[in-house]
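Good morning. Please look at the slide while I go through a few places in the chain.

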Amino acid sequence: MAARGHVQDPNDRRLRPIYDYLDNGNNKMAIQQADKLLKKHKDLHCAKVLKAIGLQRTGKQDEAFSLAQEVTSLEPTDDNSLQALTILYREMHRPELVTKLYEAAVKKVPLSEEYHSHLFMAYARVGEYKKMQQAGMALYKIVPKNPYYFWSVMSLVMQAISAQDEKLSQTMFLPLAERMVEKMVKEDKIEAEAEVQLYFMILERLGKCQEALDVVRGPLGDKLTSELQSRESKCMMLYRRLRRWPECNALAHKLLLKNPDDWQFYLAYFDSLFHLMDQSWSPPEDGEHCPEGAVHHTVAEVASFVEERIAGEDGKDARSLRGPYLARLELMHRLRQRRLPQESQLGEPLELMVQFFVKFGDKPCCITDLNIYLHLLAADQHVQLLRRLSGLPAPDAEGSAFPEDTKALQRHLCACQLSRALGLHHVLDADAKLRLVAELKAHYRHGLKFGKNTLKTELQFSDMYCLMAAHVYIDLWMESGDETMAWQCLGLLQEGLSNSPSNAQLKLLLLLLFCRLGAFEPVVDLYASLDAKHVQHDTIGFLLTRYAQSSGHFAAASQACNFALRFFHSNQKDTSEYIIQAYKYGAFEKIPEFIALRNRLNQSLHFAQVRTERMLLDLFLEADIVLSLEESVKAMCLSAEEDDIPWDNMRDNRDLTVFACWDPNDRKLNEEHRRRSLEEECAWLRLRSLTLRLLAALAALGRKPSPPPPAAAAVTENGVADKTSTLRGLLAQLGHNLQTATQLAERRTQYPFLGPPATRLAAALSCGSCQCQAAALQLSLNVHQLDAVGLDESCELQTQMCNAFKSLAVQLQEMLNKCKGELLDMEGGRLKIRPSLLENLIFFVETACVVLWVAGFCTKVLRPLKSSLQKKKKKKKDASAAQPAVVCGFQELTASLQDVLAQALEHIKGQEVAIMALKMADLSLEGSTEEEHSFTRTAMDKLVSSHLRSLQEAAELLKKRADSVKNLKI
């Protein structure tokens with residue numbers, strides 16, 4: 001509620017206390033105050049709406065909605081009521097009701113600019129583009145202002161963008177929008193830059209590049225002033241689309257004369273050169289080369305131009321610009337790609353890189369600039385380059401010869417980073433790598449003296465030494481399997497964070513290490529301290545959610561999923577507000593971008609994963625504990641028939657290059673890794689989604705419908721058959737997807753350590769979790785069939801079910817056996833860790849939940865069948881008859897379930913005792929100082945605490961599940 005200014009209307013004065021209560025969050029008092037006011041003034045509509053807002057915020061949604069509808073039906077036209085209802089409907093996530101509200105208001109007050117404007121914005125919130133177009137024109141007729149006219153034009157463009165039929169866009173919507181703008185151009189009514197931008201957008205989407213070029217180069221182009229070189233950039237883009245390479249080349253040449261550091265124009269300059277060469281273009285004998293001026297159509301001319309720019313930089317007293325020096329390397333790279341002999345005219349790559357390093361080696365960007373062109377060097381030049389660059393020798397035993405200032409430090413650091421990028425770190429043996437780590441740590445600690453007075457929010461100058469040393473430790477760990485390297489890496493990163501608490505790269509790598517070691521507890525705080533903003537929850541959120549559930553931190557996993565889902569759900573509402581602001585301020589070119597962002601997030605792989613995992617997690621934690629499975633599924637509004645995941649339009653928005661990495665190209669993440677990772681993620685998501693839908697189908701079978709009248713018996717049978725057909729269809733899909741998943745898992749793709757995390761797919765298949773869950777869910781079909789047939793005529797089916805019961809018990813026991821072993825174990829001062837055992841234990845817990853739900857369904861079916869059989873026996877007085885085979889088999893299954901759950905609890909208890917008995921003081925870290933040892937112990941304490949927490953949460957859930965076995969008696 002906005003604070004109100006000077007009040008003239010007595011009603012405003014009466015309503016002021018209610019507004020204040022709502023603003024301060026005192027909703028109960030707001031309701032009471034509204035009730036008092038309504039006793040005196042029954043027709044004060046706004047008071048009713050404010051009361052409804054108070055009710056909505058106190059959780060009484062139904063009461064609030066009925067009160068709001070009561071006021072809406074009266075079609076109010078006072079501003080207070082309309083604004084309050086708008087706020088209420090937005091809080092209810094019902095923006096479509098706001099449109100009806102203002103439609104009624106506009107009918108009653110047809111000449112109100114304000115109400116027409118509100119109606120347009122209400123349509124914008126729900127994406128009613130056709131109605132927006134009509135509302136914009138109606139507004140323009142009442143108040144002939146340019147913005148309103150162009151609101152209508154933009155709404156036509158949005159109809160074109162959102163239309164399913166591309167032909168309709170190109171033949172109707174966009175041509176109509178073009179004609180509307182042309183009318184304003186002819187009448188000389190174009191006033192603002194936004195209107196020219198919209199005209200340009202329409203012509204561009206129609207593919208009328210020449211007409212768009214005429215607009216940009218004509219008098220209307222003079223209005224394009226908000227962005228630097230906006231006019232030139234648009235001309236360049238259009239020349240490229242029109243394949244007018246002479247103009248493209250000449251314009252790039254002109255712009256580089258003005259700004260020799262603009263990289264986008266160097267790229268256009270080189271692209272146009274090679275296109276001209278491919279076309280064997282030559283300039284005309286008379287007159288200008290092209291409207292933009294002189295064209296450089298030979299390599300010699302372009303090389304000469306670049307050398308002139310470099311000479312200009314070399315002669316400057318001020319700091320040189322990097323662009324010309326990089327342009328020379330880029331030109332060399334392109335000439336080599338085409339195998340053109342002119343490459344040698346530019347010089348030796350090694351000499352050019354040394355020259356670049358001399359100029360810019362003290363800048364952090366030097367490594368990222370040179371890294372792109374390292375492939376130009378021959379293999380035997382790698383060491384030679386490092387010798388040329390290394391102005392500082394390695395520190396000797398006394399630790400002398402360290403950089404004297406931050407510039408020297410940055411040069412040495414850049415040389416070290418280049419050394420790693422050239423693969424020189426990776427060819428070292430283990431002892432040499434340890435010496436390298438010692439050297440990097442010495443440089444890191446020496447460099448701390450330059451940052452003694454830095455703020456906590458600033459990074460230390462030598463942080464990258466620490467990070468690189470951690471990378472070398474990880475190399476040693478991956479190559480040797482020696483966990484001591486991992487422990488020392490953890491300690492080093494902890495030390496780095498103690499000196500530089502805001503370094504995101506140190507946090508990210510520490511977070512990844514803890515996750516890989518199965519410790520999730522410290523990760524929560526690390527991720528929170530990264531302070532991820534907006535879209536980062538989608539791009540890096542997978543680092544948190546991937547490991548949350550698999551490490552057994554169910555409560556933290558639930559919180560992580562909720563946190564991510566809040567962002568995704570708010571995206572829809574926020575995007576609508578961004579679009580409205582773009583209309584208000586004439587930023588028309590941003591509107592399609594906002595729509596694209598909304599679609600990108602709605603189709604996000606991470607969104608689908610988080611939504612699915614959150615619902616499964618809620619079922620594992622609550623179904624048949626807090627609520628029954630049927631009630632839990634109903635509360636989630638989960639449908640077995642509907643699959644709301646956009647499989648065909650799935651977007652992988654993960655930022656897989658978020659970690660700083662200086663590895664050579666053959667060790668870096670490549671496109672094949674990305675493709676395989678996405679395949680595996682989608683395969684795992686399909687299995688989880690199908691499991692979730694199968695549980696919804698199981699819950700639907702478990703709901704006993706009320707007995708129908710005899711006439712409707714056939715209909716009911718059909719209804720039940722439909723439920724079973726859904727279950728059959730989902731089971732068939734699950735079987736097919738399990739086969740595909742098995743093939744993917746057999747590839748055993750190894751990703752770089754800093755690449756995408758492997759999915760849980762391979763572990764789920766190897767421990768037998770997927771197979772056991774599929775078998776349990778398949779059994780539910782047999783149970784349903786038994787319910788239809790009865791106990792008397794189902795001997796073969798009962799035998800089949802008994803075998804399935806035995807198989808389930810055996811599979812669960814085998815899964816438990818794969819969890820056994822020491823999670824953490826100290827041997828001779830060396831700590832061993834086996835995080836795979838913890839992951840197997842979590843799979844066992846999840847699978848036990850699924851088996852117990854199926855067993856619960858069996859109980860619901862078998863109990864009445866057994867009861868009716870006993871009644872028949874009593875009538876026949878045949879008390880000696882044996883129990884049906886399926887009943888005996890089910891009783892054996894429940895006994896086996898009790899036993900295996902008891903074993904699991906005993907195993908967890910044993911692990912807890914063993915971990916608590918570990919003495920971290922005995923941990924041997926050879927070559928570590930006391931301070932290093934202290935940081936490592938801190939990290940190890942966090943790891944141990946996390947594992948204990950995982951075991952405790954798993955045990956708590958298993959105890960609740962073990963208690964539910966008692967309810968399975970028939």
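Which helix does Ile-310 lie in? Ile-310 is part of helix H16, residues 299–314. Before going on, note that this is a predicted model.

Is Ile-310 buried or exposed? Its relative accessible area is 3%, and buried means under 20%, so Ile-310 is buried. Leaving aside neighbours within four places in sequence, Ile-310 is in contact with Pro-324, Tyr-325, Arg-328 and Gln-355. For a sense of distance, take Ala-378: Ile-310 and Ala-378 are 68 residues apart in sequence, and their C-alpha atoms are 25 Å apart in space.

Now Arg-309, which is also found in helix H16. Arg-309 has a relative accessibility of 16%, and the limit for buried is under 20%, so Arg-309 counts as buried. Again leaving aside neighbours within four places in sequence, Arg-309 is in contact with Leu-256, Leu-257, Pro-260, Tyr-266 and Pro-324. Pro-324 is also in the list for Ile-310. The C-alpha atoms of Arg-309 and Arg-13 are separated by 71 Å, and these two residues are 296 apart along the chain.

Next, two loop residues. Where is Glu-75 found? Glu-75 is in the loop between helix H4 (61–72) and helix H5 (79–91). Its phi is near 50°, which is a positive value in a residue other than glycine. With a relative accessible area of 36%, Glu-75 is partly exposed. Arg-339 is in the loop between helix H17 (323–337) and helix H18 (349–360). Phi of Arg-339 is near 55°, again positive in a residue other than glycine. Its relative accessible area is 77%, and exposed means over 50%, so Arg-339 is exposed.

Let us move to helix H29, residues 554–585. H29 has 32 residues, and at 1.5 Å a residue it should span 46 Å. The C-alpha atoms at its ends are 46 Å apart, so the two values agree. H29 also has a kink of about 40°, centred on Asn-571. Just after the helix comes Gly-586, with a positive phi of about 70°.

Now the nonpolar cores. How many residues does the largest one have? The largest nonpolar core has 310 residues, and those with the most contacts inside it are Trp-487, Tyr-583, Phe-588, Phe-844 and Trp-853. Helix H38, residues 835–876, gives the most to this core, with 21 residues. To see one member in detail, take Phe-588. Leaving aside neighbours within four places in sequence, Phe-588 is in contact with Phe-150, Trp-151, Met-154, Ala-194, Leu-198, Met-201, Ala-582 and Tyr-583. There is also a second, separate core of eight residues, including Leu-565, Phe-567, Phe-568 and Phe-607.

Last, the cavities. A search of the whole structure finds six cavities of 30 Å³ or more. The largest cavity has a volume of about 280 Å³. Which residues are closest to its centre? Of the 18 residues lining the largest cavity, the closest are Thr-545, Arg-546, Gln-609, Glu-613 and Trp-684. Two or more lining residues come from each of helix H28 (542–548), H29, helix H31 (605–622) and helix H33 (671–702). So we are back at H29, the helix with the kink centred on Asn-571.

That is the end of the tour.

Methods: Residues numbered from 1 in each chain as written. Predicted model: local features only at pLDDT ≥ 70, side-chain atom pairs only at ≥ 80, totals over all residues. Heavy atoms only, no water. Helix = DSSP H or I, 4+ residues; strand = E, 2+ residues; numbered from the N terminus. Expected span 1.5 Å × (residues − 1). Bend = angle between axes of the 7 residues up to and from the residue. Buried < 20%, exposed > 50% of the residue type's maximum accessible area, 1.4 Å probe, protein only. Contact = heavy atoms within 4.5 Å. Core = buried A, V, L, I, M, F, W, Y, C linked by side-chain atoms within 4.5 Å. 1 Å grid on protein atoms, 1.4 Å probe; cavity = no way out; pocket = protein on both sides within 12 Å on 5 of 7 lines; lining within 4 Å. Points joined across faces, edges and corners; volume = space filled by probe spheres on them.
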